[in-house]
Amino acid sequence: MRLTAHCHALAGFAYVPPWSVNAGFVWGERRTLIVDTGPSAQAAATILGYAEATRPGNTILAIDTERHLDHIAGNHLLRACGIDVWGHPSIRRTDAELASDVAAYSACVADCLRRGEGEGRIPFLGTRIADPNVAVERERTIDLGGLVAEVLLTPGHTPANLVVWVAAEGVAYTGDTIVSDYHPNLESGGPAEWRRWLEALDRLEALAPAFVVPGHGRILHGPGEVGPEIERIRRCLHEALGAGRS
């Protein structure tokens, strides 16, 4: 979906139930930045196709907002096309981890015949592990040609989390630093990480984005949607800190 003149979101790529996952892209006069490559090679092909069709002739690059495979399993398809993928240096995944995710997805197939025939693997055909080839170790800006995207480090959900902020358009691609409707996944960290996550939420709230493309759930528009979701996640983190567990 088109959010602004230059920012687009692609929502609802299927993953292990009940999760679906979002991605997006933003383009300038010379370059198009894909934000997250999706949960599979097929998802990545869809994201890339929309990005190429929206601004033909642009150089394309991609960035991973975190390390979980539902956001980055499309990396291999883009790397095979010669596209650079940026991401935090802690993103190092294995074929065994991908196989585990595929098995979890396959176990959700209700029909025993289809499950036995391995149809749960079909959405992942052609999917391979590829880590980012350009390390993002500090905050920086990416000049897309007449439009700048800022890369903000927002660890908390994982150490690798980052946000792509397009200030001129008022759009924040937040990965799982913000999820809408879903309960945030706190399983990858503990109290220290959750406190850093709270700091990231404060920072995002101060930006006052017009649109938030969260890692999961509906796209958020305006303070009436963005503010309540940030506060909901904040409450979840405070509850976890109070209980000492996720």
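Throughout this tour, contact, or one residue touching another, means heavy atoms within 4.5 Å. The model is a predicted one, in which local features need pLDDT of at least 70 and side-chain atom pairs count only at pLDDT 80 or more, while totals for chains, interfaces and linings use all residues. Residues are numbered from 1 along each chain as its sequence is written, and side-chain values use heavy atoms, with hydrogens and water left out.

**First stop: Arg31**

Select Arg31, which lies in strand β3 (residues 31–35); helices (H or I, at least four residues) and strands (E, at least two) are DSSP runs, numbered from the N terminus. Leaving aside residues up to four places away in sequence, Arg31 touches Val26, Asn58, Thr59, Leu61, Ile142, Asp143 and Leu144. Its side chain reaches the backbone oxygen of Asp143 at 3.3 Å, and the C-alpha atoms of Arg31 and Gly145 are separated by 6.5 Å although the two residues are 114 residues apart along the chain. Arg31 has 28% relative accessibility and therefore counts as partly exposed, where buried means under 20% relative accessible area, exposed over 50%, and partly exposed in between (1.4 Å probe, protein chains only).

**Second stop: β3 and its partners**

Strand β2 (residues 20–27) pairs with β3 in the antiparallel sense over four bridges, with Gly24 opposite Val35 of β3, and the two strands form a hairpin with three residues between them. Strand β4 (residues 59–63) runs parallel to β3 and is joined to it by five bridges; here Ile34 has Ala62 in β4 as its bridge partner. Between β3 and β4 the chain passes through helix α1 (residues 41–54), a β-α-β crossover that is right-handed, meaning that, with the strands pointing away from the viewer, the path from the first strand over the helix to the second runs clockwise.

Now display the open sheet whose six strands follow the order β7-β8-β9-β10-β11-β12 with mixed pairing. At its edges stand β7 (140–143) and β12 (220–221), each with a single partner strand, so one side of each is left without a neighbour in the sheet. Helix α6 (residues 191–207) packs on this sheet and touches β8 (148–153), β9 (162–166) and β10 (171–175). Strand β11 (residues 211–214) pairs with β12 in the antiparallel sense over two bridges, and Phe211 stands opposite His221 in β12.

In the loop between β11 and β12, select His216, which is buried, with a relative accessible area of 1%. The side chain of His216 makes a polar contact (a pair of N or O atoms within 3.5 Å; within protein, one must be able to donate a hydrogen and the other to accept it, and residues adjacent in sequence count only if both atoms are side-chain atoms) with the side chain of Asp70, at 3.4 Å. Not counting residues up to four places away in sequence, the residues that His216 touches include Trp19, His71, Asp176 and Tyr182.

**Last stop: helix α7**

Finish with helix α7 (residues 223–243), in which the buried residues include Val226, Ile230, Ile233 and Leu237. The elements that cover the buried residues of α7 include α6, β11 and β12. Just after α7, Gly244 takes a positive phi of about 75°.

Key. Two strands pair if DSSP finds at least two bridges between them. Axes are lines fitted to C-alpha atoms, for helices over the stretch in contact, and angles run from 0 to 180 degrees between N-to-C directions.
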